[in-house]
Amino acid sequence: MILYSSRPGHRAGQIAADLFIVLWVSGWVLAGRTVTALVSALAVPAYSLQSAGAAAEQRLSAISARVAEVPVVGQRLSEAFAAASGSGGGVTSSAQELAAGIERLGVLLGLTTAGTPIVMAVLPWLVTRGRFISRAVSARQLVRSGGGMSLFALRALTRHRPAELLRVHPDPAAAWRAGDPEAISALARMYLRDAGVLARDVPGADTPGGTGPA
């Protein structure tokens, strides 16, 4: 796999883009974790209420067990304290659900905060880098195949915009079909340049109309 261009300027730009992506992703991951922590901190009072409810439930249950031994009214008192203990359990359960909901919200907001800008930056970067890798690998394969500059010129004709091709020759397709050595060389160099391959790395590229590797 070819990750970086052979051209120093192009390679420097790619490395700079990679560093930017790393810093961008790291920064937004940190921002997302900060948001999650801030929102999750709101669950602290709910956890305190949960602890208080659990403690109250335990105390009321203990009292209910003790008053059950009181003559005459013990059973009724025990039932009252047991009912109150159940209410404390309800408070504990509600507080627990509230705390869990706040934490889930914190995670969701953190993921949204970090994920949206990361995706918006990383997707175009991946597409651009993927296209470059595809073209660079294809160019290197053509070099190894011995197809020569004519094939590179043909790739330029099929991949570049008409305005770019017209800068090389008034009728680049006709020049290629006629085997015009200067037009073929210029077209091939155009393709190689955009594919990140230096013309001097391709045998025959330094000679107009060169046939490429044998």
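Me: What should I know about the model before we start?
Reply: It's a predicted model, so local features need pLDDT of at least 70 and side-chain atom pairs count only at pLDDT 80 or more, while totals for chains, interfaces and linings use all residues. Residues are numbered from 1 along each chain as its sequence is written, and side-chain values use heavy atoms, with hydrogens and water left out.

Me: How many helices and strands does the protein chain have?
Reply: Seven helices and zero strands, running α-α-α-α-α-α-α from the N terminus on.

Me: Why is Arg 129 with Asp 18 called a salt bridge?
Reply: The rule asks for a side-chain nitrogen of Lys or Arg within 4 Å of a carboxyl oxygen of Asp or Glu. Here the closest N and O atoms are 3.0 Å apart, so the pair passes. Side chains of opposite charge can pair when their charged atoms come close.

Me: What does the pair of Arg 129 and Asp 18 tie together?
Reply: Parts that are 111 residues apart in sequence, because Arg 129 lies in helix α3 (residues 74-145) and Asp 18 in helix α1 (residues 8-40). Arg 129 and Asp 18 are both buried.

Me: How many salt bridges does a search of the whole structure find?
Reply: Two. Besides the one above, Glu 164 and Arg 161 meet through their side chains at 3.4 Å, N to O.

Me: Are Glu 164 and Arg 161 buried or exposed, and how do you know?
Reply: Buried means under 20% relative accessible area, exposed over 50%, and partly exposed in between, using a 1.4 Å probe and protein chains only. Glu 164 has 19%, so it counts as buried, whereas Arg 161 has 56% and is exposed. Across the protein chain, buried residues make up 32% of the 214 residues.

Me: What makes a set of residues a nonpolar core?
Reply: They have to be buried Ala, Val, Leu, Ile, Met, Phe, Trp, Tyr or Cys residues joined through side-chain atoms within 4.5 Å. The largest such core has 15 residues, and those with the most contacts inside it are Ala 139, Met 149, Phe 152, Leu 165, Leu 187, Tyr 191 and Leu 192. Helices α4 (149-159) and α7 (181-194) each supply at least two residues, and α7 gives the most, with six. Apart from that one lies another core of five residues, among them Ile 21, Ala 114, Ile 118 and Val 122.

Me: How do you know that Leu 187 is buried?
Reply: Its relative accessible area is 0%, so Leu 187 is buried. Leu 187 is found in helix α7, and its C-alpha is separated by 7.8 Å from that of Leu 154, 33 residues apart along the chain.

Me: And why is Leu 151 called partly exposed?
Reply: At a relative accessible area of 33%, Leu 151 falls in the partly exposed class. This residue has its place in helix α4. The C-alpha atoms of Leu 151 and Ala 188 are separated by 7.7 Å, though the two are 37 residues apart along the chain.

Me: How do you know that the span of α1 agrees with what it should be?
Reply: The expected span is 1.5 Å times one less than the number of residues. For the 33 residues of α1 that should be 48 Å, and the end C-alpha atoms are 48 Å apart, so the two agree. Helix α7, with 14 residues, reaches 20 Å, close to the 20 Å expected.

Me: What sits at the start of α7, and what comes just after it?
Reply: At the start, a side-chain oxygen of Asp 180 reaches to within 3.0 Å of the backbone nitrogen of Glu 182. Just after α7, Gly 196 takes a positive phi of about 80°.

Me: Which residues make the nonpolar surface patch?
Reply: Leu 3, Tyr 4, Ile 15 and Leu 19, over about 340 Å². Patch residues need over 30% relative accessible area and no salt bridge; nonpolar side chains (Val, Leu, Ile, Met, Phe, Trp, Tyr) are joined within 5 Å, like charges within 9 Å. Areas come from the Shrake-Rupley method with a 1.4 Å probe, and for residues only the protein chains shown count as cover. Tyr 4, in the segment before α1, has 32% relative accessibility and counts as partly exposed.

Terms used
Helices (H or I, at least four residues) and strands (E, at least two) are DSSP runs, numbered from the N terminus. A polar contact is a pair of N or O atoms within 3.5 Å; within protein, one must be able to donate a hydrogen and the other to accept it, and residues adjacent in sequence count only if both atoms are side-chain atoms.
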